[in-house]
Amino acid sequence: TGLSLDNSGKYQYHYTPTFGFAGDLGYSLTSKLSAHASLGYLQRGAEFDSAGLFDRSRYRLSYIDLWGYLEYASGSQVKFTFLAGFSQSTLIAARLNSSAGNINAMNDFNKIDVGFVAGPGILLPANKNKIRLRFIFSYGFRDAFAEGHFINDDIKAHNHAYLAQLGYIFN
């Protein structure tokens, strides 16, 4: 949740729950360290309202994400993991839902973002394969809004997400 000021008043916003899915390829460098490439779809968004107005609007952004990261695993039967790496996000759709309707908002946002991903996880044994549970933080370095989107350009927002990820590893 946040509060931004512009020349015409205040905007209060908070990030909304979203979803995504991905595929991941990994290569073991050592018994504990592996390199990964992941390609996926991630939906992001925020809900905001203007102070003094009754209108509540919601941005819904859809991205194709490409991640490159290293993952460290320790333990024997149950493995605890930590991943860290970089991400590149490409905006493929942007919609603004408000009382005025459902509006295409692609020109309101930068199309490409670069950032980082990091987080802990756990690998649980399931026969010869494994079940993966991870909690990942993703952060984009660029301002999400396109240059000149707001009159005085003082509202800044960076893409970020707290992800809970459940996966199945095929050996």
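Is Ile131 buried, partly exposed or exposed? With 32% relative accessibility, Ile131 falls into the partly exposed class (buried is under 20% relative accessible area, exposed is over 50%, and partly exposed is in between, using a 1.4 Å probe and protein chains only). Keep in mind that this is a predicted model: local features need pLDDT of at least 70, side-chain atom pairs count only at pLDDT 80 or more, and totals for chains, interfaces and linings use all residues. Residues are numbered from 1 along each chain as its sequence is written, and side-chain values use heavy atoms, leaving out hydrogens and water.

**Overall build**
- The chain has 10 strands and zero helices (strands are DSSP runs of E, at least two residues; helices are runs of H or I, at least four; both are numbered from the N terminus).
- Of the 171 residues in the chain, 40% are buried.

**The nonpolar patch**
- Strand 9 brings the largest share, three residues.
- Other members include Val78, Phe80 and Leu124.
- A patch like this joins nonpolar side chains (Val, Leu, Ile, Met, Phe, Trp, Tyr) within 5 Å, taking residues with over 30% relative accessible area and no salt bridge (a side-chain nitrogen of Lys or Arg within 4 Å of a carboxyl oxygen of Asp or Glu).

**A buried Asp**
- Look for Asp108 in the loop between strand 7 (101–104) and strand 8 (112–126).
- Asp108 is buried but has no salt bridge, and Lys111, the nearest side chain of opposite charge, is 8.2 Å away.

Methods
Lys and Arg count as positive and Asp and Glu as negative; His and the chain ends are not counted. Patches are made of residues with over 30% relative accessible area and no salt bridge: like charges are joined within 9 Å, nonpolar side chains (Val, Leu, Ile, Met, Phe, Trp, Tyr) within 5 Å. Accessible areas come from the Shrake-Rupley method with a 1.4 Å probe; for residues, only the protein chains shown count as cover.
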